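Thank you for letting me take a few minutes today. Please have a look at the sequence and the fold on the screen, and then I will go through them with you.

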Amino acid sequence: MGLIFDIANILSGILLGITALDKLDGESDFFNNIAKKLMPFTTAIGGTSLGLGIFLLLFRRGEFIYELVAITGGLLLLTHVLSQVPAIGGVLVKISKKLMPFKVIVGVALIILGILHLL
């Protein structure tokens, strides 16, 4: 389960931090091509980051920051889906919109933490 969580977080980081990553690769558009291929799976990737982040936060001790960043990344990727959740959808959308200015920071943090956690 940890490997799936790490991969989902790295992919979430690529989707969220694409504006910063685009500046790194220059003319090659490497990260843009990856992001285009990942776009159809945004809901699945965000759901995995959010769901496993909550699960591991509740049942595993010691990696509090990593799980919180993953939950934040999942919320940012699932903004379009969260509005459809009954009873708490409005609250989740408000939280997600307040986190939107930190989208790139969360994305880069997810990439770094995901790679470090894999090692």
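Before I give a percentage, let me say that a residue is called buried here when its relative accessible area is under 20%, and exposed when that area is over 50%. What you are looking at is a predicted model, and in it buried residues make up 41% of the 119 residues of the protein chain.

As for the overall architecture, the protein chain has eight helices and zero strands. A compact globule of 119 residues would have a radius of gyration near 14 Å, and because the protein chain has 14 Å, the two agree. Along the principal axes, the C-alpha trace spans about 45 × 30 × 25 Å. If we take the contacts with a separation of 6 or more, 68% of them are between residues 24 or more positions apart. The protein chain exposes about 7000 Å², of which carbon and sulfur atoms supply 73%. For those of you who think about charge, there are 9 positive and 7 negative charges, and their mean positions lie 13 Å apart.

Let me now turn to one helix.

Is M39 buried or exposed? M39 is exposed, because its relative accessible area is 52% and the cut-off for exposed is over 50%. M39 and L15 are 24 residues apart in sequence, while their C-alpha atoms are 7.7 Å apart in space.

The other residue is S96, in helix α7, residues 89-99, and S96 counts as buried because its relative accessibility is 0%. Leaving aside residues up to four places away in sequence, S96 touches L75, L76, T79 and L82. The C-alpha atoms of S96 and L78 are separated by 8.3 Å, with the two residues 18 apart along the chain.

Notes. Residues are numbered from 1 along each chain as its sequence is written. This is a predicted model: local features need pLDDT of at least 70, side-chain atom pairs count only at pLDDT 80 or more; totals for chains, interfaces and linings use all residues. Side-chain values use heavy atoms; hydrogens and water are left out. Helices (H or I, at least four residues) and strands (E, at least two) are DSSP runs, numbered from the N terminus. The radius of gyration is taken over C-alpha atoms; the globule rule is 2.2 Å times the number of residues to the power 0.38. Buried means under 20% relative accessible area, exposed over 50%, partly exposed in between (1.4 Å probe, protein chains only). Contact means heavy atoms within 4.5 Å. Accessible areas come from the Shrake-Rupley method with a 1.4 Å probe; for residues, only the protein chains shown count as cover. Lys and Arg count as positive and Asp and Glu as negative; His and the chain ends are not counted. The place of a charge is taken as NZ of Lys, CZ of Arg, CG of Asp or CD of Glu.
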